[in-house]
Every structure is written in C-alpha cells, then in structure tokens.
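Visitor: Could you take me through one part of this model in close-up? I'd like a picture I can follow with the coordinates open.

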Amino acid sequence: MPPTGLFISFEGIDGAGKSSHMDALAAAFRAQGRNVVCTREPGGTPLAEKLRAMLLHDSMDALTEALLVFAGRRDHLRTVIEPALVRGDVVLCDRFTDATFAYQGGGRGFDWQSLSLLERLAQTGLALQPDLMREPDLTLWFDLAPAVAAARLAGARSPDRFEALDQAFFERVAQGYARRAAEAPQRFAQLDAAQEREHVWLQLQAVLVQRGWLPAMGAAA
Ligand code: TYD
C-alpha cells in the first residue's frame, strides 16, 4: 500500500512564533523515515513568490489581495503540494487558506462567502480527488493575544504591509482565525502560543501523537 500523504498548515497572527516549530516538526517526521516538503504561502512556487512580493509591498484593495493569494495558491497546489501528496510525502505549509479568511476576511473585512467561493474554485480539480476540495489534514493554530504578538515583533525588522498594521487589525485577524476554527473544529488544533517555546512544542507534539502521526516519544525541538 502506498504511504498516505499528509498536509499540515501552520497558522497564527504575525509574531505567534509558528515558523520556528516547522523545522522541528519536519525533523520529527524525517526521523520516522518520511519525506517532508516544507513550503509557505503566499509563495511556494516561482510564480507564487512573485505574487507574494506584490502582495506584501504594493498597494491594493482586499479583493485584489484575495485574487492574488488564490492565484498563487492554485499554482502552489498544482505544482508542489498535490504532487507531494501523490508521492506520499508530508507537506508542512507556513500559512494556507485560513490566513486568507483571517487577513482578507477578518482583518480587511472582505466578504466571507466570496472567499469561500474562491476557495472552492482554487482548491478543487486536483490530481488525487478531483471532485473534492483540497484542504489541510490538520491546521496548527498558534493562538496568541495581538498585544503579546506586537510586543514580540517590536523592532524585530522592517515590517511588510501587514506587519505595519495596528493592533485593531490583528484583533480582527485573530477573530477571523477563531471563526475558521469554529467552522472546522476537527481540522484545527489550537495551541497556546503564549507559553514558552518548549511548552508550545510539547502541545504540538501531543496533537500529532494523538492523531497517530508521530510516536509517543518523538524528537525534541
Ligand atoms: P508570513 O509568511 O508570515 O511572512 P513573514 O513570516 O515572512 O513575515 O506572511 C506574510 C503576510 O501575508 C502575513 O502578514 C499574512 C499575509 N497573508 C495574507 O494576508 N493572506 C494570505 O492568504 C496569506 C497566506 C498571508
């Protein structure tokens, strides 16, 4: 029987600390002999990385933002994510569609139903199950109060278009994530990202063990 591919996304507001855990999880899967593809959105392909640069630096409205992220996502799914899942690899993706609902839907106030329509268009008709919408098997949601995230990010580097926005924006983004999590409770695992890094890792590991995807004594971060 061919190995089953796994698709795991990492989500949370800027400053929640998700990226640092992606490498540790990749190492834990590799220690189990799995092939791991680490990727990100916006981006993940040459075309989608060009769109990312526009999204992060050029001025545009929320619909344009949504169209750009879904265009990049379609290319990313077709050329990177779906082929990896066909091979049976583990795909770890730093942000995916929940970020669009959180940032463009929650943060910018763009219509949720229109985002659902774009989601269905962009994420259906792929190799493995053409009639089903491709979604992550698991979404690790690094939940952190916007005020704490802002304090962590302060002075870290020059901010992009999103990082430069005020705390009220990130409060709405956080509400967007909470709404998505409530709509798909089985897919989402909420992690308390206010804890120290090792404790966040232990929470993350427990989720993977509970799903039977990592053995109980997995690699430490
Ligand atoms: P991120 O990968 O977190 O960038 P970095 O860690 O290098 O700062 O994401 C870039 C920004 O893009 C982030 O602020 C969230 C935003 N974003 C959206 O607005 N919509 C989306 O669909 C995605 C995937 C990201």
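This is a predicted model: local features need pLDDT of at least 70, side-chain atom pairs count only at pLDDT 80 or more; totals for chains, interfaces and linings use all residues.

Visitor: At what angle do the axes of helix 2 and helix 3 cross, and within what distance do they come?

Guide: Helix 2 covers residues 46-57, and its axis comes within 8 Å of the axis of helix 3, with a crossing at roughly 160°. Angles over 145 degrees count as roughly antiparallel, so helix 2 is roughly antiparallel to helix 3. As for handedness, the crossing of the two is left-handed.

Now zoom in on the residues that meet. Helix 2 brings L47, A48, L51, M54 and L55, while helix 3 answers with E65, L68, V69, A71, G72 and D75. Sort the contact of helix 2 with helix 3 by class and you get eight nonpolar residues, one polar and two charged.

While you're on helix 3, which spans residues 62-87, have a look at R74. R74 has 25% relative accessibility, so it counts as partly exposed. Skip its neighbours within four places in sequence, and R74 is in contact with a run of residues elsewhere in the chain: L121, A122, Q123, T124, G125 and L126.

Note on methods. Residues are numbered from 1 along each chain as its sequence is written. Side-chain values use heavy atoms; hydrogens and water are left out. Helices (H or I, at least four residues) and strands (E, at least two) are DSSP runs, numbered from the N terminus. Buried means under 20% relative accessible area, exposed over 50%, partly exposed in between (1.4 Å probe, protein chains only). Contact means heavy atoms within 4.5 Å. Axes are lines fitted to C-alpha atoms, for helices over the stretch in contact, and angles run from 0 to 180 degrees between N-to-C directions. Angles under 35 degrees count as roughly parallel, over 145 as roughly antiparallel, 65 to 115 as roughly perpendicular and the rest as oblique. A crossing is left-handed if the near helix is turned anticlockwise from the far one by less than a right angle, and right-handed if clockwise. Ala, Val, Leu, Ile, Met, Phe, Trp, Tyr, Cys and Pro count as nonpolar, Asp, Glu, Lys and Arg as charged, and the others, Gly among them, as polar.
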